[in-house]
Amino acid sequence: MTILKILTYPNKNLRKIAKPVKEINLKIKKIIHDMIKTMHFNNGIGLAATQVNIPLKIIVITENINNNKVMVFINPKIIEKSEFIRSKEGCLSIPNYEFFIKRYKYIKMQALNILGQTIIIETDSLLSICIQHEIDHLNGILFIDYLSSLQKEILNKKIIKLQKLSTKI
């Protein structure tokens, strides 16, 4: 298994819209295993294929933060949602920043598992927030897109400043 490079904001490839997976073959299974390894290596709880520069509709999410059991969702789509909640989110593609984001509390999602079977997940827990966050990545949406203009401007200035400092080192 390979640790993949996670794209970081403002990399334009994070804005690419993922394509559906047509066939779950050995290549797709290797991508999934590499994504899981990458997510764990980076202490993440979720990862979308677009974050590792693979424009396919695949997400992996740690089921329970206290263990390494991972759920794999291929071609996920939210088919029902209700109620709003604000939750503090971070992102492996925008490290060291956390913001309160408005998300749906309850979602019902349909996807394929790694065996190609259709699964339905209903949740109103942290899993709901993670699924929405990762599906957004597949659609070229970052969690900072939910911030106010002022918050985005401040964040962009901080990131540009950090990039300038890191290029001097």
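The radius of gyration used here is taken over C-alpha atoms, and the globule rule is 2.2 Å times the number of residues to the power 0.38. By that rule, a compact globule of 169 residues would come out near 15 Å, and the chain agrees, because its value is 16 Å.

Keep in mind that this is a predicted model, where local features need pLDDT of at least 70, side-chain atom pairs count only at pLDDT 80 or more, and totals for chains, interfaces and linings use all residues. Residues are numbered from 1 along each chain as its sequence is written, and side-chain values use heavy atoms, with hydrogens and water left out.

Along the sequence, the pattern reads α-β-β-β-β-β-α-α. Helices (H or I, at least four residues) and strands (E, at least two) are DSSP runs, numbered from the N terminus.

H1 gives the largest share, six residues. A nonpolar core is a set of buried Ala, Val, Leu, Ile, Met, Phe, Trp, Tyr and Cys residues joined through side-chain atoms within 4.5 Å; buried means under 20% relative accessible area, exposed over 50%, partly exposed in between (1.4 Å probe, protein chains only). Among the 17 members, Met-35 is one of those touching the most others.

Ile-160 counts as partly exposed because its relative accessibility is 43%. Its C-alpha atom is 9.3 Å from that of Pro-10, although 150 residues separate them along the chain.
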